[in-house]
Amino acid sequence: MSQQKSALQQVRGTYQPKLPKALKSGRATLQSGEVVTPAAHAETIAKLFPHSTGKPLLTLVEGDQPVTSAPMTVGVVLSGGPAPGGHNAIAGIFDALKAANPASRLVGFLNGPKGVFTGKYKELTAEIIAEYRNTGGFDMIGSGRDKIETEEQIAGCEKTLKELGARALIVIGGDDSNTNAAILAENFLARNVPIQVIGLPKTIDGDMRNQFIEASFGFDTAAKTYANLVANVCRDSASARKYYHFIKLMGRSASHVALEVALQVQPNYTIISEEVARRNLTLSQIVDDICDMICRRAEAGKNYGVIVVPEGLLQFVPEFQPFFADLNKLVHERKAEMDALPDKEKHKFVADALPGHSGELYRSLPETLQEVLLITDSHGNLTVSQLETEKFLIITVKARLEELAAAGKYKGKFSALPHFFGYEGRCAPPTNFDADYCYTLGYAAVQLIIGGVTGYTVSARNLAAPAEQWVMGGVPVASMLTIETRKGKEVPVIEKALVDPDDAPFQAFAAARESWKVEDAYIFAGPVQYFGPAEVCDAPTKTLELESKAKRFG
Ligand code: FBP
């Protein structure tokens, strides 16, 4: 990385993240609460995680004694896609370790979980940490999408951690990575290996959340960064008045990012995948609704506008659901045969091998979609970031508008441009919220380690309030697990929290969206601000604000 720093980077490097009161006091202690059990498949999960189930919720409260510890070595690993604030999480871990005992050490595993089981790491010194405070990205130690799952991988982790004399491993990741942390913790507990494993909730997708973890880190910065970009496109659209912009936003299956951007910016149309599933909307119904808006805007003399599309959309469209199930099965059962074929033949092979309607649907898709649909990541997730859903929608909307024009029902001009905003936001410098939140998560993780805890994810509540009032603690990972079919097998995973159409954020969007269709009601979010009034710089997301007002988290 470049040694040169921008003026903003230099000043921002000196920002001291805010900590909640209990942590700031230096006397945080753990208070046990109720025992929590999984909402579904409780018995199966108890059998798979006998040593990690039946554990209580933990809350960090201000105690009487300063937090101290014997010198210890802790390892940290970043897992999955980057999310703004990862470096601050590591800085929080470092500072908390040193505050408890200046002789403690922090080791960073390189390039994701593989760094743990293959023993690739570096010691994180005060100088290294100082370079990365309040910066975006995961480049301090790198990340990766490998899993820690097989016996060999678990044995590799144990070997590395024992060689280092590590007391604990902190896994910074999303639902899949925290699940892996639970597997590792259970394995160590079962064999009396004295190494603790703690998870931190990371993902810009905002889908690793529940009543104990109100937000995953990185969502705030990523959504605000995209909101600024989408608002800029809205203004360009209203200025040039000649394009429809179809903007796909990252977020994997969940539409939290799209919904948050819609609430912040009020573009003309936003698709929410979870609503599509709830109302069983077919692709042609979605397209008809978009075309209806385009016709109405044309009548008002507006042949431009902005349409936001969540990247996971196709997985929620009812006619695509059996298709994805068939495809998933095929890709995993006949992978070797497929891999041996050149692309063109592979697509024909897939179309022929898929049953009935699924085969026809696959055959009807553009080649770029056909290709991407065959790729999954190491966790069995579809690589939706590469699915050009926005282009597919443009083609489909255009075809429908031509039919309407031929029938004399549409007289406008349709010129559309595709965009995809994802990588533009995942490594943005963290907002004050994420800078504070990540630092706090890291700081809290160390308190859990000192408290002797393992198999927990750091929990965070009251996040819509100022940082001083956040309530941190720990939630047993096993209590957040459910059973899902991945790569054709039933496996324990943390359930992804999708947008709930009954919750306050979607309800607020649904109540307002009709008036955004023909009016240009755009709100210009503006770039993230780091210096200035708290209402500008420290504001939580609309999602958190609305949920907190509706007392979603009680
Ligand atoms: P995770 O936080 O779950 O790792 O994913 C974040 C994300 O940005 C998703 O929104 C996106 O679909 C995916 O990563 C893309 O990552 P990749 O480029 O590795 O496919």
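**Reading the strands and helices of a predicted model**

Colleague: How many bridges join strand S6 to S7, and in which sense do they run?

Modeller: Two strands pair if DSSP finds at least two bridges between them. S6 (residues 166-173) and S7 are joined by six bridges and run parallel. Between them the chain passes through helix H8 (residues 175-190), in a right-handed β-α-β crossover. Right-handed here means that, with the strands pointing away from the viewer, the path from the first strand over the helix to the second runs clockwise.

Colleague: With which other strand does S7 pair in the parallel sense, over two bridges?

Modeller: With strand S12 (residues 456-461). There, isoleucine 198 has tyrosine 456 of S12 as its bridge partner.

Colleague: In what order do the strands form the open sheet?

Modeller: Nine strands run in the order S1-S2-S13-S12-S7-S6-S3-S4-S5, with mixed pairing. The edges are S1 (28-35) and S5 (121-123), each pairing on one side only. From one strand to the next, the twist averages 25°. Axes are lines fitted to C-alpha atoms, for helices over the stretch in contact, and angles run from 0 to 180 degrees between N-to-C directions.

Colleague: Which strands in this sheet run antiparallel?

Modeller: S12 and S13 (residues 471-476) do, over six bridges. Arginine 461 has valine 471 of S13 as its bridge partner.

Colleague: Why is S3 called largely enclosed?

Modeller: Six of its six residues are buried, so S3 is largely enclosed by the rest of the structure. Thr73, Gly75 and Val77 lie on one side, with Val74, Val76 and Leu78 on the other. S3 pairs with S4 in the parallel sense over four bridges. Valine 76 is partnered there by glycine 108. From S3 the chain crosses through helix H4 (residues 86-100) to S4, and this β-α-β crossover is right-handed. S3 also runs parallel to S6, over six bridges. Threonine 73 stands opposite alanine 166 in S6.

Colleague: Which helices lie across the strands?

Modeller: Contact means heavy atoms within 4.5 Å. Helix H7 lies across S3, S4, S5 and S6, at about 150° to S4. Helix H20 (residues 432-450) lies across S1, S2, S3, S6, S7, S12 and S13, at about 160° to S7.

Colleague: At what angle do H7 and H8 cross?

Modeller: Angles under 35 degrees count as roughly parallel, over 145 as roughly antiparallel, 65 to 115 as roughly perpendicular and the rest as oblique. The axes of H7 (residues 151-164) and H8 cross at roughly 70° and come within 11 Å. H7 and H8 are therefore roughly perpendicular to each other. Ile154, Cys157, Glu158 and Leu161 of H7 meet Ile183, Leu184, Asn187 and Phe188 of H8.

Colleague: How do H9 and H10 pack?

Modeller: H9 (residues 219-240) and H10 (residues 256-265) pack at about 55°, with axes 9 Å apart. They are therefore oblique to each other. H9 passes H10 in a right-handed crossing. A crossing is left-handed if the near helix is turned anticlockwise from the far one by less than a right angle, and right-handed if clockwise.

Colleague: How many residues of H10 are buried?

Modeller: 10 of its 10. Just after H10, glutamine 266 takes a positive phi of about 60°.

Colleague: Is lysine 346 buried or exposed?

Modeller: Buried, with a relative accessible area of 12%. Lysine 346 lies in helix H15 (residues 343-353). Leaving aside neighbours within four places in sequence, lysine 346 is in contact with Met338, Leu341, Glu371 and Leu374.

Note on methods. Residues are numbered from 1 along each chain as its sequence is written. This is a predicted model: local features need pLDDT of at least 70, side-chain atom pairs count only at pLDDT 80 or more; totals for chains, interfaces and linings use all residues. Side-chain values use heavy atoms; hydrogens and water are left out. Buried means under 20% relative accessible area, exposed over 50%, partly exposed in between (1.4 Å probe, protein chains only).
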